[in-house]
Structures are given as structure tokens and as C-alpha cells.
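Visitor: I am new to this structure and would like to be walked through it with care. Could you put it up, so that we can go through some of its residues and strands together?

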Amino acid sequence: MTSGTSRVTEDAPGLAAFPAEAGYFRNPVLPGCHPDPSICRVGEDYYLVTSTFAWFPGVPIFHSRDLVHWRQIGHILDRPSQLDLDGVALSDGVYAPTIRHHDGVFYMITTLVGGGGNFVVTANDPAGPWSDPHWLPETRGIDPSLFFDEDGTAWVLGTREKDAARYPGETEVWLRRLDGLTPTGEEHVIWEAVHRRAVWSEGPHIYRIGDWYYLLTAEGGTARDHAVMIARSRHVTGPYEPDPRNPVLTHRAKGRDHPIAATGHADLVDTPAGEWWMVLLATRPYGGDFANLGRETFLTPVTWEDGWPVVGEVTPIRRSPALAPHRWPAAPVCDHFDGVRLSPVWNHLRTPREPYWSLSGGRLWLRARPETVARRESPSLVARRQQHRDFAAYTALDFVPDGDECAGLALVQNEDFHILVVLTARGLELRVREAGAERLLARADVPPGRVHLGVEAHGQDYRARYALAPDEWRDLGGPVDGRILSSTVAGGFTGAYIGMYASSNGRPGENSAAFDWFEYRGL
């Protein structure tokens with residue numbers, strides 16, 4: 001354990017950077033809440049995006065040269081003009097982005113659930129800037145994707161619930177041609193459950209490989225019944241015949257002892273040498289069927305037999321792609337806030353409409369505003385993903401609370417399920433909000449001045465800690481049951497986030513909290 005004052009570094013973004021031995025990598029390649037991955041290749045470079053729901057900035061974009069080591073180069077939706085998340089539930093917002101590249105232009109298409117629906121943004125450089133949204137009011141549903149055919153024809157497709165659904169979750173995949181970025185012409189329904197009670201056929205992508213068009217979809221919902229399906233046709237508009245061996249990937253029958261569950265929502269990519277790989281989401285439950293880390297991005301190889309892709313089991317350790325290993329510079333374990341802007345690892349809850357944070361004097365300053373994490377607002381919260389089952393997070397806080405003000409650490413699943421370790425006028429408090437009801441679990445008297453705060457998790461035991469001097473740590477109360485930070489308990493689609501928080505709890509406030517550094521490390 002450290003006090004957070006060192007500048008020890010580790011490789012980013014996580015587990016894949018620590019291969020078991022030469023020629024192997026560890027899954028997931030993007031640990032923590034990185035669901036619904038989509039990937040494209042441009043020459044020898046690979047770009048990948050994931051969902052962000054009501055977290056801002058939206059849609060992180062990653063770059064890799066070997067499919068194993070990834071670096072974040074920014075966010076696609078990094079301006080309020082691109083992404084209005086006001087009042088959106090945490091598991092609404094940005095769903096299932098798709099990234100594609102065509103004729104020198106990058107395209108990202110996604111859905112703003114609880115907002116304006118489907119839209120496209122474009123950029124010449126994947127690091128940005130990206131355009132403001134081009135909305136697609138002609139479409140409905142979720143999980144849109146783009147396909148550019150060899151003749152230059154562009155198509156948009158997506159998923160929607162059927163108008164005359166026979167059962168909940170019966171969906172269909174639609175396809176329309178694009179004129180520029182506007183859907184035009186006849187709409188084609190290219191995939192629906194006719195002979196089986198399939199639920200939530202979603203996340204569709206089309207590829208042209210040889211003389212076949214392939215339609216890849218997810219199915220079964222995003223929990224343990226999740227699966228990947230494939231179909232093919234000689235014509236982009238169908239009809240599509242399903243692979244007789246469907247699903248081509250699922251862990252439905254693996255049992256609860258398997259470390260990887262809920263495999264699905266995939267995208268395919270090839271290498272210059274002709275290898276095929278699949279990125280997909282999956283979970284790593286622990287302490288029972290509880291995945292606090294959310295749905296993460298995994299990588300698995302694909303082979304071809306009789307014109308169909310064969311995937312098999314997703315495993316924690318895999319042989320690496322036949323690409324030259326390409327590691328990126330190490331990312332710091334401890335953020336000393338000595339830059340001119342926040343690192344892309346940090347996120348805000350919903351769209352920040354005012355600059356409630358600032359970087360000055362090697363500190364992060366948060367204003368104690370009326371907004372709180374318990375309401376559908378944009379509170380003074382700067383947070384990052386929990387990426388390890390066992391982890392420690394520490395910070396140093398300078399704050400003199402007044403009235404109902406508080407500042408400290410927040411572990412957030414959503415507005416109704418979270419843990420707070422905060423300094424108040426009454427003392428240092430450990431609070432838990434579960435199913436919308438908040439409880440005070442512990443309180444400690446602390447003298448005025450700097451206080452060090454920490455959270456250490458071992459499995460589902462989360463312990464709040466504090467110190468009045470470096471390395472003189474004490475527990476604040478007993479262990480908290482971390483299962484409330486899982487979507488199994490809290491509902492929704494996100495993983496847990498942890499970060500720095502300040503609030504005046506509904507009252508006007510002008511006070512500010514100063515955080516000298518923030519350290520996060522896997523244990």
C-alpha cells in the first residue's frame with residue numbers, strides 16, 4: 001500500500017499489457033466498463049470505440065498496432081454541442097457506437113437513448129476534432145451500423161423492436177441505402193426471428209468477404225444468455241441464411257465457474273496478413289454473479305470453415321496475433337494534476353454545463369455545487385472506471401466544509417446505488433445509498449487540515465480508509481458489501497466508477513475542495 005505520493009507507473013490500459021509469457025496476451029484487452037466494442041483497420045492501425053451511456057465525454061477512441069496494447073487518443077463526443085445528456089438516466093445515453101473508415105474519412109454512428117435517437121459524426125483524424133451530430137430522424141431503434149460496399153455504395157442498418165412483436169424482445173434488423181448521410185430509398189428487413197423465439201437480436205454489422213455478405217448480430221440479451229450469430233447472403237439486401245452452427249460464440253452453457261460470462265456484441269477485423277479477430281464484450285463476475293467491472297472488451301481469434309467463421313471459447317489467456325508487439329508509453333498510476341487539462345481517463349456524470357473543475361497549482365479543484373450524485377444531474381464529480389477486482393484508490397483532500405457541504409471520494413454505480421467517503425461539517429463520513437435510501441455507516445472526528453482518503457477493495461469487500469498523516473491509515477467503519485456496485489443489484493448496463501466529488505447538497509455554495517493527487521492501482 002502507498003500513500004499516493006509516488007510516481008510509480010504501470011502499462012496502460014490494463015491486463016493485456018502483462019502477458020503470461022512471450023507470444024501471449026491476457027483478456028480483457030480493455031478492462032473496466034468498455035462495452036459494445038466496434039473496431040476498424042486503416043492500413044496497419046486499428047481503432048476501437050465503446051459505449052459510455054450517461055458518462056461524458058462520450059465514446060472513448062483507442063488506437064493499437066497489434067490488437068493487444070491499446071492507448072486512448074481521446075473521446076469522439078467531447079463537446080456539449082455534440083452530446084446532450086441533461087436528465088438522462090445513467091444507463092441511457094450513448095449506446096453501441098460503430099466506427100468505420102471510408103475514402104479517408106472516419107465515421108462513428110450511435111444512438112442517444114433518452115435523447116435525439118440515431119446520429120453520425122465524422123472526422124479526418126481519429127483523434128479529432130469530430131463533427132457535430134448529423135441526426136437520422138428517418139430511422140428508429142438502437143445499435144446503428146454503417147457498411148460501405150466495394151462499389152462505394154453506403155448503407156445504414158440497425159435494430160428495432162417489431163411493431164407486432166409476439167413476445168417481449170422480438171426485434172428485427174433493417175437496412176437502407178445512404179445518400180451522403182441521409183437514408184434514402186426502400187427499407188429492407190434483413191433479419192428477424194421467424195422460426196425461433198430469439199430475443200434482442202441487436203448490434204448488427206455487415207461485411208463483404210469474397211462473394212458473400214455477412215451479417216453479424218448479438219442475441220439473447222446482454223447477460224449470461226448473450227451470444228453472437230452470423231448469417232450470409234449473395235446480396236446485401238438479402239435474403240440472409242443463418243449459419244447452421246449458430247450461435248458461433250456463446251458462454252451460455254459454460255456454467256458459473258467459468259471466469260468469463262455474457263460473451264456477445266461483437267465486431268470483426270482482419271490483419272494485413274489475413275488473420276481474423278473478433279472484439280466483443282463479456283463480464284468477469286466475482287463474489288457470485290456480480291460483475292462490478294461492467295462489460296469489458298475482449299479479443300478472440302476467428303478461423304473460417306466452409307465459408308463460415310468459427311470462434312470457440314473466449315479465454316483469459318490467448319496466443320497473440322501475428323503482429324509485431326507494439327507497447328505504448330506507460331500511464332501514471334498517480335495523477336498529480338500538473339497538466340493543463342484532465343487526462344482522458346477522467347469522466348463527468350452527464351454533460352457539464354459549467355466549468356465546475358479547474359487545474360491550478362498542481363491540484364484539482366472542485367466547486368461544492370447544489371447538484372448531487374443521487375439525482376439525474378451533472379454533479380461536481382471527476383471519476384474513472386474501476387478496472388480490477390482488487391484495487392486501491394487514494395487521494396489527499398484539503399477542504400473546510402460549511403453547512404451541508406461535503407467532499408471526498410465517490411464510488412458510483414448509478415444515482416440510487418453508490419458509496420461516499422466524504423468530509424462534512426460533522427466529521428468524516430461513510431455513506432451508502434442503496435435502492436434510493438441513504439445510510440450513514442460510520443463517522444470519525446478529524447481535525448482541520450489535510451486528510452488522506454482511500455478505498456481498498458478485495459473482491460466484494462470495500463473498505464473506506466483515512467489518514468491524518470501519510471501512511472498512518474485507519475479504517476472508517478467496517479467493510480461495505482460491494483455487490484451494490486454491480487448491475488446485477490443496481491440494474492442497468494454500466495460498471496462501477498470511482499473518483500473525486502464535492503457537493504453543497506441542494507443548497508447554494510461557493511466553497512471549493514482541493515485534491516492534491518489521485519492514485520489508482522490494481523492489487
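Visitor: Is Trp-200 buried, exposed or partly exposed?

Guide: What we have here is a predicted model, in which local features need pLDDT of at least 70 and side-chain atom pairs count only at pLDDT 80 or more, while totals for chains, interfaces and linings use all residues. Residues are numbered from 1 along each chain as its sequence is written, and side-chain values use heavy atoms, with hydrogens and water left out. A residue is called buried under 20% relative accessible area, exposed over 50%, and partly exposed in between, using a 1.4 Å probe and protein chains only. Because its relative accessible area is 32%, Trp-200 is partly exposed.

Visitor: What is the phi of Trp-200, and in which loop is this residue found?

Guide: Although Trp-200 is not a glycine, its phi is positive, at about 50°. Strands here are DSSP runs of E with at least two residues, numbered from the N terminus, and Trp-200 is found in the loop between strand S15 (182–192) and S16.

Visitor: Which side chain of opposite charge is nearest to Glu-202?

Guide: Glu-202 is found in strand S16, which covers residues 202–209. Lys and Arg count as positive and Asp and Glu as negative, with His and the chain ends not counted, and a salt bridge requires a side-chain nitrogen of Lys or Arg within 4 Å of a carboxyl oxygen of Asp or Glu. Glu-202 is buried yet has no salt bridge, since the nearest side chain of opposite charge is 6.9 Å away, and that side chain belongs to Arg-295.

Visitor: How many residues apart in sequence are the parts that Arg-160 and Glu-187 tie together?

Guide: Arg-160 forms a salt bridge with Glu-187, the closest N and O atoms being 2.8 Å apart. Arg-160 is buried, at 9% relative accessible area, whereas Glu-187 is partly exposed, at 35%. Since Arg-160 lies in strand S13 (residues 154–161) and Glu-187 in strand S15, the pair ties together parts whose separation in sequence is 27 residues.

Visitor: Which residue stands opposite Leu-268 in S22?

Guide: Strand S21 (residues 261–270) is mostly covered, as nine of its ten residues are buried. Two strands pair if DSSP finds at least two bridges between them, and S21 pairs with strand S22 (residues 276–283) in the antiparallel sense over six bridges. The two strands form a hairpin with five residues between them, and Gly-274 in the turn has a positive phi of about 100°. Across this pairing, the residue in S22 that stands opposite Leu-268 is Met-278.

Visitor: What are the edge strands of the open sheet of six strands?

Guide: The strands of this open sheet follow the order S31-S41-S33-S34-S35-S36, with antiparallel pairing. Each edge strand pairs on one side only, and these are strand S31 (380–385) and strand S36 (437–444).

Visitor: Which residue in S36 does Glu-429 stand opposite?

Guide: Strand S35 (residues 427–434) and S36 run antiparallel and are joined by seven bridges. Salt bridges that share partners join Arg-426, Glu-429, Arg-431, Glu-438 and Arg-443 into one network. The residue in S36 that stands opposite Glu-429 is Arg-443.

Visitor: Where does the peptide bond from Asn-246 to Pro-247 lie, and what is its omega?

Guide: Pro-247 lies in the loop between strand S19 (241–242) and strand S20 (249–250). The peptide bond from Asn-246 to Pro-247 is cis, with omega near -5°.

Key:
Helix = DSSP H or I, 4+ residues; strand = E, 2+ residues; numbered from the N terminus.
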